[in-house]
Structures are given as C-alpha cells and as structure tokens.
Amino acid sequence: MSISLTLDRIQCLAARLDPYTRPTIHVAGTNGKGSVTCIIASILRASGLSVGRFNSPHLVSVHDSILINGQPVSSLAYDHARTLVLNADRELKTKASSFELLTLTALQVFEVARLDIVVVEVGMGGRHDATNIIPNDCILVSALTAVDLDHQKFLGDTIELITEHKAGIARPGKPFVLGPQKHPAVEPAARRVVESPGIRGHFTISTPVQRGSLGVESCSSLFARPFVLPPGQPIQFHSAAFPSPIHANLPLHGAHQLDNLALSLSVISTLLTCTSPQIPLEISNRITSKTVSAGIDTVSWPGRLSFHRLPRSIIKGSPCDPLTVLVDGAHNAASAETLASYISELMAPLEPRSKLHVTYILGLSHSPPKSPSETLSPVLSRHSPEDPRVKVRVATLRFTPPEGMPWVTPVAPSAIRETVLQLISLSDEDMWSASDDGPVDGQLQSALEWAEAGQAACGECEKLAVLAGSLYLVADFYRLLEQLPGGSVRSVGAV
C-alpha cells in the first residue's frame, strides 16, 4: 500500500461527520513533536483543564494514541467514534487511509467528550497531513519542532522543501511558533510560508529556557546500587506572560528536551499574550506560573530516553542484577545523535578504572532513502575498539508490524548486522541476530535473554542495555514489559 498525501479523501469524509469544534494546538516537526505535545498537555492538565492529545504512532495499542486527561481512550468511546467514521467511509466509498480514519476517530472522540482544549501531533509532513483537516477557527496556535531530513520520498530531499511541507500547518492570521533548529535554512523557509499572502500568520521564534540549579551538586546515579533514576533537569524560563520566572524540574532526559521545553513554554506564552485570536478566558484564567511549573514537574513520555529495570526472571534462576534498559525511539540520524550524546553524558561521571558493558538491541524500519548506516552511525561510531573501559555487544531483530500500516516493514536483522560490523569491530560472540524470516514473536524476549546472560558474565562491571532504532520495537518492548510481574509502560525508571 502506498501513501498518497492529499486532503481530498478526508475532507469529503469529515463533511459527513459532526463538525469538530474543540480549541486546538497543532504541532509538526521531524523530531520532538511528540515530546512537545506531551509537555504542553501536561501543563494544561495541571491548570485544571480537560485535555485531549493525539499522537502517532501508538505504543502498546491504538487506544494510547488518543488520550483524554493523560489516559488512553476507553474501548467504548473509541469503538463508538470508529464506527461512525467507518460507516461514513463505506457510504461515501472514500477509501480513506488507516491514518485518515484514525485521525477522524480521534477528533470525534474529543468532540463527544467536549474537552476544553486538544493538542494534536502531525503524522507526517504538515500541509497534506490528515490532521490538517482541523478547521481554521479551532486552531489556537501552530508550532514547528526541529526539522531534519526524513521521509524524503514524500516531502522532498532538501531541508527547505521539508520545512515548507511542515510549516503548511500555519493558519491564516494565527500565531505560529518555531522551535530551536540546527539547520539555518529552516527559519527563512518557514517564515516564507507563514507570512505568505494567503496565510499572514504571526511568526514567532521560541524563547530559550535556562538551566537552573538543584541547590546541591548532582552526580549520575545510573550505576548506583540500588539503582536510582538519574535526576531531572532544573530549568528557569522568563516570559512576558508571567510576572516572575518559571522554575521547575524537567524529568525528561537529554539536552534536546530543553529545546522541546522551550518550544512548549513559548506556545503556552503565545496563548496568553497573542491578541489575534485571543485565547478563551476559561482557558487563559486557569494557566498560572504555579500550574506551568507543576505541569513540567509531572510530565512523562515513555519510549524517549526512558529507563526501565527488568526483573531477574527474564532468565530463570539468573543470579545477576535486574537488567537496566534505556529505551529510545531513535529512528533517524538526528534522533540517533541525540541518543549518542546522552549515552556519552551517562558515561562521563564513571571512574577512570570503571568498565561499562553496553548491549545495544536494535530494530529498524525500512524507509528509503534513509539507510541503516545513517541511523546507527551516530551511536556506534562513538565507541572506539581501543577504549578498554567499554565493551559493546549488539543484538539485531525485527519488530511486530503495526496494525493498519502495511507500508511499515522492518529491516532484516542480517542487514542490520552487516551495517553494525561495518561501523564497529565486534567478535561473533558479541553479536546476536534473530531470523530474517521466522516468526517475530519471541525475538525480543530472546534478545533480552542474550543481553542479560552477557551482562551476568561480565562480573562487577557497570551494565546498560540500550533498545533503539524504531518506535515499533519500543512498542514490542512495552508489550513484553506489561506481561512481566509488576511491569507497566508507566513504570518509567522503576526498579
């Protein structure tokens, strides 16, 4: 099945359904848009508002792509909205795509719930993405996170072309906030779209956040016994929307999350200060410095630099410590670079004589022209074979193909293995690969067993497993986690 980027089908289908009227914040970008929607929604919920959030792809089930007040939509509410959408699709013979059907289902769920405000993540691109069906009158503000090369087959092969697609969510006369960017070409390309004669939106660049202080010297506790989750990131933020600086502790890990937080807070500030259109008073009156801080302090975003401790029961009778797994949906060069930087940060506080045993568990989506080497190089190339402090092992496997997305296929484990060996020198005993053609079920369990056995054999060295390469592999991990005693997607960092 191919992807056809057009709004024709969904516009026809939406016209048959009850109109969508919820005040909405719309977020596009290559990397970070999920984190931004999560942070914004957490702040709005802490402000006492009823909040809907739509993210894709889902993790464990389709229900967790549609959230109401932080909880996955109920089966009853989902099935009701889905039936309405499917019936209309059959009657009109629109043959809408899976994502178009899911988007309309989410909007119907939010409309029926009569939520105060909704935060929506773009699926791919922007201008022709199904989420861009949301009426202009509903959009309070649009935002664009970091833009990088991804989905070139559909969006273009330059940063400028990709930016123009993503900035296409800008709405006439509405505020548009641009997040921090590493490519200088993004800002002028986005500005051209937002300030074009047909849009004339209010273009704003996000205000940076500053690192705060914990008040005491903090050190990494990743390898402490007992395990303690590494501390969050203290921040402060100045804005004309608030009489005093915002102080909070961001629990999301990685320096890139400070950029995501900066965009999120700039969106909130824009809501409160932009006069055209003015945010409804029933929303603006609820948002204060205290509620913003509370929302930041309590944000949770599984699958993005998330820590988990797997019980010793992975290998029956194993005497080793629980397996520490850093889970991240890094799926392109930019997000892989972010993951690599964070791993380097974790390693920095280690004693000079300490040894670290890192096991990478990798699964990738087949997404030309993006290659496995482009995704894996930022992470693996940082490990030098001459570094006696670090031992690297790698497992390669497939993920479960997501339901309703037949175009998403995993890269063969043998192909990932070949790429790994081109990037880093490893012995046969330090590589494990699942079957290219056998059942996917059990591959992740086997990879984790192999990782745990290898770490048990390394004795007293520090140990970390890193699961990355695709959010669909992350989804398999969370499904497995929920089957283990005491396991939960939401037990991020729990021992």
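The following dialogue discusses how to read several features of a predicted model.

Colleague: How is the confidence of the chain to be read, and where is it lowest and highest?

Modeller: The mean pLDDT of the chain is 87, and 88% of its residues reach 70 or more. Confidence is lowest in helix α5 (residues 152-155), with a mean of 62, and highest in strand β2 (residues 51-54), at 98.

Colleague: Over which residues does pLDDT stay under 50?

Modeller: Where pLDDT is low, the predicted coordinates should not be read in detail. One such stretch is residues 215-221, for which the model has 7 contacts beyond four places in sequence. Another is residues 490-495, with 18 contacts of that kind.

Colleague: What span should helix α4 have?

Modeller: An α-helix has 3.6 residues a turn, so residues three or four places apart point the same way. At 1.5 Å a residue, the 16 residues of α4 (residues 98-113) should span 22 Å. The end C-alpha atoms of α4 are 23 Å apart, which agrees.

Colleague: How many residues of α4 are buried, and what follows the helix?

Modeller: Of the 16 residues in α4, 13 are buried, so the helix is mostly covered. After α4 comes R114, whose phi is positive, near 55°.

Colleague: Which strands pair with β10?

Modeller: Strand β9 (residues 210-211) pairs with β10 in the antiparallel sense over 2 bridges, and R211 stands opposite I235 in β10. Strand β11 (residues 246-250) also runs antiparallel to β10, joined by 5 bridges; there, N249 is the bridge partner of P234.

Colleague: Why is β10 described as largely enclosed?

Modeller: Strand β10 (residues 233-237) is largely enclosed by the rest of the structure because 4 of its 5 residues are buried.

Methods: Residues are numbered from 1 along each chain as its sequence is written. This is a predicted model: local features need pLDDT of at least 70, side-chain atom pairs count only at pLDDT 80 or more; totals for chains, interfaces and linings use all residues. Side-chain values use heavy atoms; hydrogens and water are left out. The expected span of a helix is 1.5 Å times one less than its number of residues. Buried means under 20% relative accessible area, exposed over 50%, partly exposed in between (1.4 Å probe, protein chains only). Two strands pair if DSSP finds at least two bridges between them. pLDDT is the predictor's confidence in each residue, from 0 to 100. Contact means heavy atoms within 4.5 Å.
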